Amino acid sequence: MKNFNRYIIFAFCLLIGTPLMAQNNDNSNLDNAEVVIEKNSSYELQTMGREYDKIQRIEKKVKPSPQNYELELIGMNLNDSLPKQLPAVIDDHEEKKYYSKYIRVGYGNFITPYIEGGLNSNRNPDFDYGVNFLHRSSQEGSVSRKLSAGSHNAVDGFGKYFSDYGTSSFSVGYDRVGTHFYGAEGDETQISQDSIKQIINNISLKVGHEMPSYLTGNSYSLKGDLFFDYTSDKFDANELEIGVDIHGEYELLNDAKIHLNLIGAFNQYKNQSTTDQAIELNRSWMKFGGVYEANFDEWYIKAGAKIAYSADTISYDKNFYFYPDVFVEYTISEDELAAFLEIKGDLNLVDYKSLTNENPWVSNDLTLLHENRLIDVRLGADAIVGGDVGIRGSIGYAVVQNMGFFINDPTDVSRFLMAYATEGNTGVFNVNVAGSWTQREWMVTASTNWNMYSISDDLISDPYHKPLAVNNVSVAYKYLSNWTFKADIYNKIGLKALEVDAQTAEQKTISLPMIFDLNLSAQYNINENLDAFVLVNNLFAQTYENYYRYNVKGFQLMAGVGYRF
């Protein structure tokens, strides 16, 4: 990137000058991962019951864990009247009883009905289960009303069986996203809604079993899952993946451990191109890794390596890969300050499901290529100040092969292709700062994440649709025992897009306007079972573009009620 050096200097200044934010309590920990909060301009309703599978039994004898300062950027939400995740302790399957049915309904402008409900229980000492559903749709959107309508439907469930041989589990889910290719050129009155409709379906299934060390009677524990995933759309694209995930842990002396993990899948992608050419790719993959984990006084060390294999039909992506996996943390002052160094790499899987989750307006002529993150080095520090202020700051640099970018299809600008930097490596310099502050009824969280790209590919001059910076601030306030208020500021800068003339092939880089979004919410608990809420999204009605030619909805208002049985 032409301004790469200037961005690096600016990012260092930002890291040094960013003010301390905050932390929940003295015992909070900062996790060893950068914090990035993404935001979509739609009703950001907290999905009720989506965390139900975290209801689980916890061993009485908890092993000492390495000192990690974990910063949880999770503010108060609108679910105070919804099922809580209650702690439970295993002791011959004796535990706290938990059973809940809930429903939440709302209605907003753009003709937007919303309903969500579920049933979750762990009252049986040997069996937990849960079923949840969600419907949210907008009959009108930001462009030409019905031509930019959209919807999201989901049904999922889980079950867990506890026995003397471990925990058996399963989960199943169905997800359906409906949208339209409303970024098209031409006379809107001549476009029929059905001709630009897109529907993306996903079915997932997972079956597993876990045997912790206290059940094996030895120093090892085992966990294995079989998983199935199928994604399809309205235009003959489909992707099938069937795989296995096995994790083992062996406990050594002095709380040291060895972790081993094997995960792999058969993956097949099929599509019909815009020229009616059949596309069928075998994209199977495998990863195997192991790490040694231990504490030595003020030092926490995790050291290991990972091997990955891609059997992709595309020649760029058919190979074995080797990556380091090292994390070292030194506690400078207990419960106050720690410094860390991380060196890692990975084969970041790029498949049809992940791309459509990120951008549902992709073309039939989509090229799929895994991203090879050769090495990623990160240096940072965690701090807790005054018991209620926490901050994590880090700088890092990664070297990446096959980095992909969304670009508008020159033959149909309403759809997106993937362009990959295959001619050379892409350097990514990252600065990440996140923090939080809590005091009685208040909680404030903030994060800023900057990425500066150095691209060596002659055909790709800019990191299209990858922002230079994403910034977030969230403020929550609880008033008395009934009211909860929240404000969220979301900002994204440095987005660029590529415009290609279909006749002359002339390329032009488009700088998209800065994104600034302010969202407000309020909830009133009428009683312990019933609540009412109001949400305002995109208060200043900014019709910005996360993707070129796709304006988001402007001012959005929703009101509704929730009830727990």
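A salt bridge is counted here when a side-chain nitrogen of Lys or Arg lies within 4 Å of a carboxyl oxygen of Asp or Glu. In this predicted model, the count by that rule comes to 16 salt bridges.

| Pair | N to O distance |
|---|---|
| Arg104 and Asp531 | 3.2 Å |
| Asp194 and Lys234 | 3.5 Å |
| Asp382 and Arg392 | 2.6 Å |

The side chains of Arg104 and Asp531 meet in a salt bridge, and because Arg104 lies in strand 1 (residues 99-108) while Asp531 lies in strand 26 (residues 530-537), the pair ties together parts that are 427 residues apart in sequence. Both Arg104 and Asp531 are buried.

The salt bridge between Asp194 and Lys234 links distant parts of the chain, 40 residues apart, with Asp194 in the loop between strand 5 and strand 6 and Lys234 in the loop between strand 7 and strand 8. Lys234 is partly exposed, its relative accessible area being 36%.

Asp382 forms a salt bridge with Arg392; Asp382 belongs to strand 15 (residues 371-385) and Arg392 to strand 16 (residues 389-401), so this pair ties together parts that are 10 residues apart in sequence. Asp382 and Arg392 are both buried.

Salt bridges also link Lys287, Lys306 and Asp346 in a network.

Leaving aside residues up to four places away in sequence, Asn201 touches Tyr174, Asp175, Arg176, Tyr230, Thr231 and Ser232.

Notes
Residues are numbered from 1 along each chain as its sequence is written. This is a predicted model: local features need pLDDT of at least 70, side-chain atom pairs count only at pLDDT 80 or more; totals for chains, interfaces and linings use all residues. Side-chain values use heavy atoms; hydrogens and water are left out. Contact means heavy atoms within 4.5 Å. Helices (H or I, at least four residues) and strands (E, at least two) are DSSP runs, numbered from the N terminus. Buried means under 20% relative accessible area, exposed over 50%, partly exposed in between (1.4 Å probe, protein chains only).
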